[in-house]
Amino acid sequence: MKISFTLNKQAVTIDVEPMKRLLDVLREDFNLLGAKEACGEGECGACTVLLNGEPVTSCILNAAHADGSEIETVEGISQTELGKLIIDCFDETNAVQCGFCFPGFFISSYHYIKTDGEKDLNKIKTALSGNICRCTGYEKIFESVMLACERAN
Amino acid sequence: MKCVKKFDAIPKLDGSWKFIDDYSYDDMLHGQLLYSTCHHGYIKKINFPANYNLSEFTMVSPKDITGDNIVPEPVCDQPFMVDKEVMHFGQVIMGIAHPNRKLLLKFIKETKIEYEELPAITDIKECLDNEENHFGKETIIDHRTKKEPKGEWIHHHNVYYTPHQEQAYLEPQGVISVYDPKANSMFVLISAQCPFFVKSGVEAIMGDAVSEVIIESPEGIGGAFGGKEDFPSLFAGISSLLSYKSGKPVKMILERVDDIQITTKRHPARVELDTWTDPITKKIKRCRIDYRIDAGAYQTLSPVVLARGVLHSISGYSVLDTFIRGRLFKSNTPSNGAFRGFGVPQALAAMEAHIDRIAADLNINPYEFRKINLFRIGDEFPTTQKIVEEHLSDCLERVIQKSDYHKKVIEFAEWNKTHKDKKGIGIAIGYHGGGYTGNGEKVLDSEVKVIIDKEAQVKIFVANTDMGQGAHTTLAQMFFEAIEHPREKCWVQLPNTSKTPNSGPTVASRTIYIIGNLLRKFAFQIKDELKFKNLEEYVKTHQNEFPKEFHKKFVPDKSVIFDEDTNVGIAYKDYSWAACVTEILFRADTYKIDLKKNWNVMDVGKVVNEKIAMGQAEGGITQGLAYGLSEFFYKPGFGRANGFTGYTLPTSLDLPEMNIEFIHTDSEIAKGLGEIPMDFPAPSVRNAFHNATGVFVDEYPMIPERLFKALEENK
Ligand code: FES
Ligand code: FES
């Protein structure tokens, strides 16, 4: 099946098996390796990307879903102004440990700051509750996102 | 300089840092493991599905092994692949490779194996309650006096159980083996903690078939926590055999479900405690500890876990008359292995709960009781090692003060009188020895290498991996801070066994404690040798001396003498100390414990990078809390859990407010930090539940069903 979508602001078309996972399309067909597979069942958020501006777990979505949509991955978002601001905040707090979960956290944080952005710990915790991190205990992630909210406003 | 940023944070955030699955080679095959779905028995037949072209697959079984079918471990008893008898669910039967990963997974799923089944032990209690399942050597610490217990002493006896715990590193196990027929060498890129362990594993399975084995770390290792200490040897052995047989690079990345089913876990434990206390002085007079852990089907590294557990099992108390017996037990579940804490969280789960139990019976506050029995300078560990500092007592006092413990105990008791929900607060304390036990560091004979080039770039070569704990940032920092060299001119190189000397494994909180302190000393030594004030200036004016290579070995302190047969002597040169308090709210309607606040005060010596250290502590505390509260395999040993849907990990909504403080940071040396945060959160929650409800729970995790049962039984 031929599908067309916008990938990090660029129009793309590919011929792909409709049931191929979106995560595999990104990693294998576009060599975008930022989204990671940690569970493959929609539980951990390591494979998060934005689909029409909403965070989705790309390991449980099929390629067909992408048709006609707008997809943004960590590779694209990290180049935006807000993306860079958020990266700086994560960097300053030394929040990143193994980093396997971080592209996912980065996207969820970006989405939160873009759509709400209030410097409210409880709201941030809820916004990030779909992402699992086994290394950090989340504290430094909250700290970074609080800082990013402050700076983005 | 304390908050040097991590060198790898930005590429990890923008997705450009490469983990094992992000590497690929031309003409690469994908490998997977075909493993047993029977707990114990003989394989009668393997039925591959029809409609596949078998000639497209590369398969390896024990008959393809060119070396030995035994994984090198402290005890060499585990085969790479089933030889005759299947000993546990998840035991590797074959390695299979194919160019198409999806097709390969489907093929394996459709492969059916017929077994002749034998009786199997898969339940933790069935394993640990029955003395007949004991195997291997015992570990005993005998510090008994000849005296019989006095009649007026109060005897407490109780048995505590702890379950398996999954490391759940977010990146599943992954490896790429590349056989080069021209050079007859095997190159292995692997997400593993200890490249030299993997090297021994691959050399063992390949035997003389290859002339060189090189192991390298990818840029990123997506978490490990002990789970990538010994399993990678087996894993890389099989991928290498597949690469050798096919002549092609083979990438093997485990699916999460398989990773959870077949890899090592924290050992389940049964700890039976007998203590006698003088009711007048409130001193523990006598202690007997029976510490049992379920090793799984093979011993592998379990004796080392056993020893570490036994050595910490008395927690922070001075008891003159002590006898500790540690034993391994056998079950038909995958061999258990390393996990942050390495036997200690199990031991403390028991002792720290027991202390609160005794305190309750003596009608004394758990803090007071701890204070009375705590080690003092001049007291001895059961190993006869003398206590030389009272930092544990300092940790305890500080955490009590910070958490406002005394006031809360009174307030909560009052509040609980009029509420169905109950508030509680609990303490746990203890220590964690850094580095290998006893003479281990002598045997390791660790070495590091430094190259300084013509541009005054310092390249550090160590075998220790950065699996997220920030080791490579902190190690470099320890070097460049010592000689005041610019940060951007000092880098730890990615470990590669052909270029890196063996500085020992990345385990046992030893990376910063042993290797970091060594690098710091080394930096001073190089400065003295070359007599420079400023390295950059020196290199500029002495260009012909560079590039220059320096080597240094770790020389263990001669006064550290430990008898491994009798467990007498100095088990660890340096101990980290910690005290933890947790505040909870028990919900009477859902039988759920809400974690409210958690305080940790630790002495880990010098803190090199405060934010990295804090991050380590926060992560360890989180794993510790979840160990006591929620992480659980519903059916241990029986397919266990289905990925992360069955084995649930704490999310951002499940954790308490954390407050961490490091004390005595003016120390010259950085002590162990990786493991100690894991040890105390779980027992502090258990004690908080007792404080809230007056009821003790003897098993982890404290899930609602178990709390319900404990409360019903105590009505
Ligand atoms: S990998 Fe997609 S949610 Fe975990
Ligand atoms: S940093 Fe390792 S899982 Fe989040």
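Tutor: Buried area is the accessible area (1.4 Å probe) that two parts lose on being put together, summed over both. This is a predicted model in which local features need pLDDT of at least 70 and side-chain atom pairs count only at pLDDT 80 or more, whereas totals for chains, interfaces and linings use all residues. Residues are numbered from 1 along each chain as its sequence is written, chains are lettered from A in the order in which they are written, and side-chain values use heavy atoms, with hydrogens and water left out.

Student: What makes domain 1 and domain 2 of chain A two parts, and how much area is buried between them?

Tutor: An automatic or database domain assignment sets the bounds, and chain A is divided into domain 1 (2-76) and domain 2 (78-152). Their centres, taken over C-alpha atoms, are 21 Å apart, and 19 residues from domain 1 of chain A and 14 residues from domain 2 of chain A take part in the contact (heavy atoms within 4.5 Å). About 1,200 Å² is buried between these two domains, with carbon and sulfur atoms giving 62% of that area.

Student: Why is the pair A:Arg27 and B:Asp21 called a salt bridge?

Tutor: A salt bridge needs a side-chain nitrogen of Lys or Arg within 4 Å of a carboxyl oxygen of Asp or Glu, and the closest N and O atoms of A:Arg27 and B:Asp21 are 3.8 Å apart, so the pair qualifies. Seven salt bridges are counted between chain A and chain B.

Student: How do you know how much area chain A and chain B bury between them?

Tutor: The area buried between these chains is about 4,000 Å², of which carbon and sulfur atoms give 56%. In chain A, the residues that lose the most area to chain B are A:Asn94, A:Gln97 and A:Arg134, which together make up 21% of what that side buries.

Student: How many residues of each chain are in contact?

Tutor: In chain A, 43 residues are in contact with 55 residues of chain B.
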